[in-house]
Amino acid sequence: MFRNILVSVDGSEHSDRALDEAIDVARADQARLTILTAIHQPPVWAASAMAAGACAVTAADLEKEAVDLMRRAVKRVPKDVPVTTIISRKPIRHALMGSLKASDYDLLVMGSRGRSALTSSLLGSVSHYALNHCPIPVLIVHADPDRTRADAERPAELPGRTSADADAAGGPGAPAPLPA
């Protein structure tokens, strides 16, 4: 039974699913939920003279994005689940480990893109890092594979042909009817 759950969110589909799972566990166990997100740091090029103008990404923009993300996450938590929020300026790995040391969490819930071990080792994976460094149980949640697969299998509409045309022709894989 879990009493104090930490969930990391970043606005991605797999992060949203992780929040849903954390809420379910918190409700079932009558646990407290803490939602953590990190403010992304502006890329180095954003401070260059070339980035000046409309395309420049500012720290204030990224902070507003993190605050908006946190508001949306908190709105999804039912009223019967006690919730605490943490918005960190540290990189997410450091924010996670710091939060775990600072409080008495007994479960970490987070999403994962489902990258392979090789890709994760090359690009870095926060969930992989947490699995290897976290002193408490970690629940990794992947994006809904059926939804992702269904979206990938949906045929692109061709010019002059709609989904209704494909259905009338016998389904998405059927050839389009020839013009009369």
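Is Lys-64 buried or exposed? With a relative accessibility of 53%, Lys-64 counts as exposed, where exposed means over 50% relative accessible area, buried under 20% and partly exposed in between (1.4 Å probe, protein chains only). The model is predicted, so local features need pLDDT of at least 70 and side-chain atom pairs count only at pLDDT 80 or more, whereas totals for chains, interfaces and linings use all residues. Residues are numbered from 1 along each chain as its sequence is written, and side-chain values use heavy atoms, with hydrogens and water left out.

Lys-64 forms a salt bridge with Asp-68 (2.9 Å, N to O); the term denotes a side-chain nitrogen of Lys or Arg within 4 Å of a carboxyl oxygen of Asp or Glu. Both residues belong to helix α2, 4 residues apart, about one turn of the helix. Helices (H or I, at least four residues) and strands (E, at least two) are DSSP runs, numbered from the N terminus. Asp-68 is partly exposed at 23%. In the whole structure, 6 salt bridges are found. Another joins Arg-76 to Asp-20 (2.2 Å, N to O). Since Arg-76 lies in α2 (residues 59-76) and Asp-20 in α1 (residues 13-29), this pair ties together parts 56 residues apart in sequence.

Strand β4 (residues 107-112) is largely enclosed by the rest of the structure, because 6 of its 6 residues are buried. On one face these are Leu-107, Val-109 and Gly-111, and on the other Leu-108, Met-110 and Ser-112. Strand β4 pairs in the parallel sense with β1 (residues 4-8) over 3 bridges, pairing being defined by at least two DSSP bridges between two strands. Strand β5 (residues 138-142) runs parallel to β4, joined by 5 bridges.
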